[in-house]
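Take a look at the fold below.

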Amino acid sequence: MSDTQHNELYKRIETSFLRQGLMQNLGARLLRVEPGLCEVSLPHSDRVTQQQGSFHGGAMGALADIAGGYAALSAAPLEMEVTTVEYKINFLASFVGGELRAIGRVAKAGKRIIVATAEVVHIDASGKQSVCAVMQQTLVPVAKTY
């Protein structure tokens with residue numbers, strides 16, 4: 001992939017990502033986009049915690065859904081967006097502080113459905129990484145309306 005193609009792909013994903021009110025409200029950031037891959041981060045804050053101060057499972061699920069979804073969008077036709085039909089997530093551990101990073105990857109991109117996965121990793125202040133969730137999702141291409 002040329003630099004120009006990579007920049008166009010990143011811009012496509014970024015344009016959609018910046019329209020995500022939930023991600024903006026939670027403070028998520030788009031970190032990396034490659035064909036079939038997307039990485040996003042979410043810093044720990046009061047916006048994303050559950051009652052005991054650790055990252056809320058809903059925030060972890062949303063981050064995984066976004067990472068897998070944008071990995072899928074990178075494999076969808078240019079005139080399309082994607083929407084999640086279903087996902088299954090396993091929460092493996094909970095953490096306080098630091099940040100979460102979700103890396104979404106396309107497992108299979110077909111014409112009618114796209115299957116993606118995401119791994120959510122916690123990174124603490126020292127840089128130690130620990131897997132805290134894994135997700136698999138099914139997405140469908142839909143008409144772009146903006």
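Read from the N terminus, the elements of the protein run α-α-β-β-α-β-β-β-β. That comes to three helices and six strands. Keep in mind that this is a predicted model.

Next, the overall shape. For 146 residues, a compact globule would have a radius of gyration near 15 Å. The protein has 15 Å, so the value agrees with a compact globule. Along the principal axes, the C-alpha atoms fill a box of roughly 45 × 30 × 25 Å.

Buried residues make up 42% of the 146 residues.

Now the surface. The protein exposes about 7700 Å². Carbon and sulfur atoms supply 50% of that area. The protein has 14 positive and 13 negative charges.

Finally, the cysteines. How many disulfides are there? The count comes to zero. A disulfide needs two cysteine sulfur atoms within 2.5 Å. The sulfur closest to that of cysteine 38 belongs to cysteine 132, and it is 16 Å away, so the gap is too far for a bond. Cysteine 132 is likewise in no disulfide, with the sulfur of cysteine 38 as its nearest cysteine sulfur.

Are these two residues buried or exposed? Cysteine 38 is buried, with a relative accessible area of 0%. Cysteine 132 is buried too, at 1%.

How values were computed
Residues are numbered from 1 along each chain as its sequence is written. This is a predicted model: local features need pLDDT of at least 70, side-chain atom pairs count only at pLDDT 80 or more; totals for chains, interfaces and linings use all residues. Side-chain values use heavy atoms; hydrogens and water are left out. Helices (H or I, at least four residues) and strands (E, at least two) are DSSP runs, numbered from the N terminus. The radius of gyration is taken over C-alpha atoms; the globule rule is 2.2 Å times the number of residues to the power 0.38. Buried means under 20% relative accessible area, exposed over 50%, partly exposed in between (1.4 Å probe, protein chains only). Accessible areas come from the Shrake-Rupley method with a 1.4 Å probe; for residues, only the protein chains shown count as cover. Lys and Arg count as positive and Asp and Glu as negative; His and the chain ends are not counted. The place of a charge is taken as NZ of Lys, CZ of Arg, CG of Asp or CD of Glu.
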